Amino acid sequence: WSRTHKYGIRIPKSVEEAIAIDKENGDTLWWDSLMLKMKNLHPALDVHECKVADLPIGYKFVKCHVIWDVKLGENFRRKARFVAGVHMTQVPASLCYFRMDGFL
């Protein structure tokens, strides 16, 4: 990554760095943005604490990461997006869609 700041605000590259930035600033803005996203996302995630061989057929491991951002129009609100690297797995065509906002 080449961008480390946006609007003068330091952008984290990991959850650990977000926590460190919050401690340096004496606030919890990055942590709160992550918890908001995880609260909304939690029902969609299944956690299996077992061996990989014991997972049901059809389950696939997908790497995930957090994308951090600062929103200018919302009083410099910190935003966290939890994204999955689905480009690493094959997805059935019935589950794929294409969306173009603003093009009619």
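Is Lys71 buried, partly exposed or exposed, and what is its relative accessibility? At 27% relative accessibility, Lys71 counts as partly exposed, where buried means under 20% relative accessible area, exposed over 50%, and partly exposed in between (1.4 Å probe, protein chains only).

1. Basis of the note. This is a predicted model, in which local features need pLDDT of at least 70 and side-chain atom pairs count only at pLDDT 80 or more, while totals for chains, interfaces and linings use all residues. Residues are numbered from 1 along each chain as its sequence is written, and side-chain values use heavy atoms, with hydrogens and water left out.

2. Lys71 and its partners. A search of the whole structure finds 4 salt bridges, a salt bridge being a side-chain nitrogen of Lys or Arg within 4 Å of a carboxyl oxygen of Asp or Glu. One of them pairs Lys71 with Asp69, at 3.6 Å from N to O. Asp69 counts as partly exposed, with 21% relative accessibility. Salt bridges with shared partners join Lys6, Asp69 and Lys71 into one network.

3. Arg10 and its partners. Arg10 forms a salt bridge with Glu17, where the closest N and O atoms are 3.4 Å apart. Arg10 also meets Glu24 in a salt bridge, at 3.0 Å from N to O. Glu24 lies in helix H1 and Arg10 in strand E2, so this pair ties together parts that are 14 residues apart in sequence. Helices (H or I, at least four residues) and strands (E, at least two) are DSSP runs, numbered from the N terminus. Arg10 is partly exposed at 29% relative accessibility, and Glu24 is exposed at 56%.

4. Asp22, a buried charge. Asp22 lies in helix H1 (residues 15-25). Asp22 is buried yet has no salt bridge; the nearest side chain of opposite charge, Arg78, is 6.5 Å away. For charge, Lys and Arg count as positive and Asp and Glu as negative, while His and the chain ends are not counted. A polar atom of the Asp22 side chain does lie 2.8 Å from the backbone nitrogen of Trp31. Leaving aside residues up to four places away in sequence, Asp22 touches Asp27, Thr28, Leu29, Trp30 and Trp31, contact meaning heavy atoms within 4.5 Å.

5. Packing of H1 and H2. H1 and helix H2 (residues 29-41) pack at an angle of about 140°, with their axes 7 Å apart. H1 and H2 are therefore oblique to each other; angles under 35 degrees count as roughly parallel, over 145 as roughly antiparallel, 65 to 115 as roughly perpendicular and the rest as oblique. The contact is made by Val15, Ala18, Ile19, Ile21 and Asp22 of H1, and by Leu29, Trp30, Trp31 and Leu34 of H2. Axes are lines fitted to C-alpha atoms, for helices over the stretch in contact, and angles run from 0 to 180 degrees between N-to-C directions.

6. Backbone points to check. Most residues other than glycine have a negative phi. Tyr7 is not a glycine, yet has a positive phi of about 55°. Tyr7 sits in the loop between strand E1 (5-6) and strand E2 (9-10), and is partly exposed at 42% relative accessibility. Phe76, also not a glycine, has a positive phi of about 60°. Its place is the loop between strand E3 (64-71) and strand E4 (77-84), and Phe76 is partly exposed at 33% relative accessibility.

Note on methods: A polar contact is a pair of N or O atoms within 3.5 Å; within protein, one must be able to donate a hydrogen and the other to accept it, and residues adjacent in sequence count only if both atoms are side-chain atoms.
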